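Colleague: Could you take a close look at how one part of this model packs against another, and then carry the description on to the neighbouring packing?

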Amino acid sequence: MCKTCLSCSYYNKPFIQGVINMEKSRLDINEILREKSKQGHIVTKEIEISGHSIYVIYMPSITKNAEINNSILSPLMEWKYRKGQTPVHTFSTEQLQVMKNKDELDAHLLDGYTILIENEDVYALDTAYFSHRSISEPVSEMTLRGSRDGFIESIQENINLLRVHLRTTDLQLEYYTVGTKSFTNVILAYIQGEVNEELLKEARKRIEEINAEYVSDGGLIEQSIEKNTYSLFPEVQGTERPIKVTNALVEGKVAIFVDGSPTVLIAPITLNSLFQTSDDYSFKWIPASLVRLMRYIAAFLAVMLPSIYISLISYHHGLIPTDLAISISKTREGVPIPSFMEAFLMQVTIEVLREAGIRLPKPIGPAVSIVGAIVLGEAAVTAGIVSPLMVIVVSFAAICSFTIPDYSLSLALRAISFIMLFAAAILGIYGLIIAIFLLSIHLVRIKSFSVPYLEPFAPYYYKRWKDTFIRFRFKKGGSQ
Amino acid sequence: MFLKRSLISLLLLFSLAGCWDIKEIEDIGIVLGIALDTTEDDQLSMIHQFVVPGQIPTQQSGSPEGLPFQNIQIKGHSLFEIIRNNSLESNVPPNFTHLKTILLSKELLEKKRVDQFIDLFIRDHEFRRTVPVFITRDTVEEVFGEQPMKELFPSIQIKELSENHYLNNLTLKSLTIGEMSQYISEEKSFLIPGVGLKEGKVISQGAGIVSSEDFRYQGWLTEEEVEGVRYINNSVEGGYIDLSEDHIEQGPVVLEINGSNTSYHVDHSGETVQLHLKVSIETSLAEDWAIGRDVYTKGWKEDLEEAANKNIKKKIENVIEAAQTEYETDFLNLSQWIHINEPDYFKKHEAEWDELFTDLDVKVSVQTKITEFGTQNFNANEVGDS
């Protein structure tokens, strides 16, 4: 019977001598010691205990020093000789991992393990400590109601957060390592039974096909697994909110976690799914539907409003109500540049302001908005360079684009609004219609992981419209 | 490669096209009204009422010095010539998509045929078929030059006056250029709503008759006659019946019209045709000058209704008589009821309808109902009608 230690799981079980020794490592100890002691960031210590010589190797930057002291060095010091035992028997077999070759040893050392060398045997003990920030609300995805936790840069913490929201044994995690230099851990998560096999195969294939040296963020993975490289529209959705990931997983989608990145990728997505927010589901269905509908209208305006305005005032004056036409005519009097250039310049100005607002440190941020609003808006109008109505139109379109929940989609729509602007400037409403046709053709063609992007509108599934423009009520006694 | 080339050539094509059709809104002259007249040497004269955006008062700068509109009068032999000669005087090309009013002078309609000079307004795509047409006996320059108090532009004022037809029966519903072309195609006589000047202000006033014979001006209807026309055309939506001249006991009374309906019955026996107009009007008591009158007195309501019937019937019969004897023109469009009810008879006599119309037997019956009495002081002292 094993009575070596109380903490070990082999306590009071038939003692098998050499559980540890059974897998003898074949390593050149001297060479390891020589190599490691040369590197400044690796600590190599030799301890003499009752005639046994033990080497301890660890990287102090990624290990907990207190833990090394308390649970490795102190127990070793207190070790008393017993027959047939060596100091390594202080530790339970669970704690110890036998290193078989040098690669394995290096990998564990870099993962924060402490390496113990006793005679010819090399073991590793987990003493890892990687710093990461605490869990906080994601800055780019605010919510009013519902959970406010956000993913952080540690993949294990992220899986932990996912488990908080999703306690099911059906949750499957597949581990991948991506990057020939960075060895980034990537986890493919899905729920067995919900997920479509085809989708799973596709996702696995695309992750395995990633051919990169260094992967630092989910966004890079996103771009390397996308098929529509020339499309403006995102093919996977990046989110920092665990609740969004759990919702997606329950719906049968897959999620891709990347170590070191707070962005988790969800696939497949549709245009419709990018307009959904978790708030839609936490409020009653009628107000939530109105908000959802408003978001669609706002997205339409963000893309179309400046171009419609341009085409009306430079081509189709007859379509404007007389009173409005007269007042527009008055406000534009004395504006030296054509309306198209005016709109284009204003749009560019707003994009610059928006970009500046992101880059600036928080205390200086408000300064940009003051400069933007007062100097550019007010002064440009008083100076007569732009007409006040154009300022209203362009800034309202910009505000509309802020209602779009997904930032990638918002970027895409802003780019499209420029295309629309050109189309309107060249051919008026006629040009706009052509541009809309081209956009529609593009949208019905692209697919995200084999799912049509406009589903359920373009492959027409009327029954699934319950969660599109409006969010229909939940069924009594069940969800959705 | 082919795709790339075709894409580039497509983009180049766009830049070639440029903004070829672009016309900034401040670079066009918005024309709100057109007034047509003739000169002494039988030429046409046309006034364009342009908007002058710089002179429109704003909240910040208050009201500017000049008028917010500019009337440019040009003479010529054809309308298109005049429109194009605007460019000799005005730096902005006229744009007629916001046209609100076409004003015709009586003299023009006397000298020129409507169906001839209306051609441009129907043919050109920039003119809308919904632009209302008006006729005036005053000089068009004066009517178009009078700035209204609240409204900025005379043309809009004229158009909006005609939209008050549901409050009052003294003016006609507006006649659009589209409807006018319809009458001309059907070879029917019609009425053009009139406007005029009264103490320096533009007012709605009567109507001008255009006969189907030569599509020229034939006569002028007064406000009272216009009221009769509206009952005949079944276009009464509101208005009032003033019974102050009908000697109602204790004091004059005014009824408000809540609704009215005219139905047409045609009796055809042998070669004679009789048209029977049945007008039923729903009214409420709007104003009563007799203090302390008991409206529940038996028979009083019936007396009132009878007086109203007589009043309206007289107005209708006056117009019909004027049409039959004075103008001998069917501008009331009574022919359509014969056409609808007795198509065979009408087809047979269509050619000679103008003569037949003068002898057409038209019977009028009016049925007024008072349905509401409103609120009044209950124990008011009878002051007496002194």
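**Packing between and within the chains**

Modeller: In chain B, the centres of domain 1 and domain 2, taken over C-alpha atoms, are separated by 32 Å; these domain bounds come from an automatic or database domain assignment, which gives domain 1 as 25-56 + 66-221 and domain 2 as 233-386. This is a predicted model, in which local features need pLDDT of at least 70 and side-chain atom pairs count only at pLDDT 80 or more, while totals for chains, interfaces and linings use all residues. Residues are numbered from 1 along each chain as its sequence is written, and chains are lettered from A and ligands numbered from 1 in the order in which they are written.

Domain 1 of chain B brings 13 residues to the contact and domain 2 of chain B brings ten, where residues are in contact if their C-beta atoms, placed from the backbone, lie within 7 Å. On the side of domain 1 of chain B that touches domain 2 of chain B, β8 (190-198) and β10 (217-221) of chain B each supply at least two residues (strands are DSSP runs of E, at least two residues, and helices runs of H or I, at least four, numbered from the N terminus). By class, that side of domain 1 of chain B has five nonpolar, six polar and two charged residues; Ala, Val, Leu, Ile, Met, Phe, Trp, Tyr, Cys and Pro count as nonpolar, Asp, Glu, Lys and Arg as charged, and the others, Gly among them, as polar.

Between the chains, 19 residues from chain A meet 19 residues from chain B. On the side of chain A that touches chain B, two or more residues each come from α10 (285-314), α11 (322-332), α12 (339-359) and α15 (407-445) of chain A, and α11(A) gives the most, with seven residues. That side of chain A holds nine nonpolar, seven polar and three charged residues.

Within chain A, the axes of α12(A) and α15(A) come within 10 Å and cross at roughly 170 degrees, with axes fitted to C-alpha atoms over the stretch in contact and angles running from 0 to 180 degrees between N-to-C directions. The helices α12(A) and α15(A) are therefore roughly antiparallel to each other, a term for angles over 145 degrees. From α12(A), A:Phe340, A:Ala343, A:Phe344, A:Gln347 and A:Glu351 meet A:Arg414, A:Phe418, A:Leu421 and A:Ala425 in α15(A), and the residues of this contact divide into six nonpolar, one polar and two charged.

Technical notes
Contact = placed C-beta atoms within 7 Å. Parallel < 35°, antiparallel > 145°, perpendicular 65-115°, else oblique.
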